[in-house]
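Dear colleague,

Please find below the structure for your review. My findings follow it.

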Amino acid sequence: MQIHILTLFPEFFRGPLETSILARARDRGYVEFQMLDIRDFTENKHRQADDTPYGGGAGMVMKPGPVVRALEYARESSPEAPRILLTPQGEQFEQETAESLADERDLILVCGRYEGIDERVREDWIDRELSIGDYVLPGGEIAALCVTEAVVRLLPGVLGNQDSLDEESFAQGRLEYPHYTRPQTFRGHEVPDVLLSGDHQRVDEWRREQAEKRTARRRPDLLEDDREGDKGGEDET
Ligand code: 6GU
């Protein structure tokens, strides 16, 4: 998968893309990152990529020319890739969104600044708009990193252990069960006995029960969603 990231702040990505799972995925050939500095696609000598809004008002708006030329450049090597704008006005990015994006050949991520991007770009050169939640960030860069991490870890082969994908939070509409590791006693707090029993069936049951309780307490909305989408299916009790 090739992920093109269009941004006014390419340096923002250097740390994250060179760290941990993203760096490993790239080094092993599962993904390539193409950082495009939108300012490189300006045509004025000050390399100005934003301008004041028609009609007046606060803030600056991203000029259409540089963004569209950067999009056209990315499309030269990835002609079919969805062009995704990161904006608080987009549809909410969910695990399901990550799963569907992981099936694409390539992706083009456009980091908007929150005051906005010229509306004509959104209308004709953007396929999809995503938001990572109902709060305002100064730009789409962090959101692009969220999408990138969530998608890349789903690419076949990137995680050593595919089982962990099926068990994790949201994969089954549940939060994950609690985890423990050594030492067995930590500052007076014990690991639950069942995990030391060696009885895999009891361990599985306990984990399922814990996941269910935790979801009911913290995210009852997930259980409700599940019932709606799964009428007459699994026993919920
Ligand atoms: Cl995608 N961009 C910005 N600027 N703010 C956000 C966001 C995106 N998602 C939530 N807040």
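Which strand supplies the largest share of the shell around the ligand? The answer is S5, with three residues; strands here are DSSP runs (E, at least two residues), numbered from the N terminus. Please note that this is a predicted model, in which local features need pLDDT of at least 70 and side-chain atom pairs count only at pLDDT 80 or more, whereas totals for chains, interfaces and linings use all residues. Residues are numbered from 1 along each chain as its sequence is written, and side-chain values use heavy atoms, with hydrogens and water left out.

**The ligand**

Strand S5 (83-92) and strand S7 (128-131) each give the shell at least two residues. By class, the shell holds eight nonpolar, five polar and no charged residues (Ala, Val, Leu, Ile, Met, Phe, Trp, Tyr, Cys and Pro count as nonpolar, Asp, Glu, Lys and Arg as charged, and the others, Gly among them, as polar).

A backbone N or O atom of Tyr135 lies 2.5 Å from a nitrogen atom of the ligand, and a polar backbone atom of Leu137 is 2.9 Å from a ligand nitrogen atom. For Ser131, a polar side-chain atom lies 3.3 Å from a nitrogen atom of the ligand. Of the 290 Å² of accessible area that the ligand has on its own, the protein covers 100% (Shrake-Rupley method, 1.4 Å probe).

**His4**

His4 belongs to strand S1 (residues 2-7). With a relative accessible area of 0%, His4 is buried (under 20%, 1.4 Å probe, protein chains only).

Yours sincerely

How values were computed. Polar contact = N/O pair within 3.5 Å; in protein donor to acceptor, adjacent residues only side chain to side chain. Helix = DSSP H or I, 4+ residues; strand = E, 2+ residues; numbered from the N terminus. Buried < 20%, exposed > 50% of the residue type's maximum accessible area, 1.4 Å probe, protein only.
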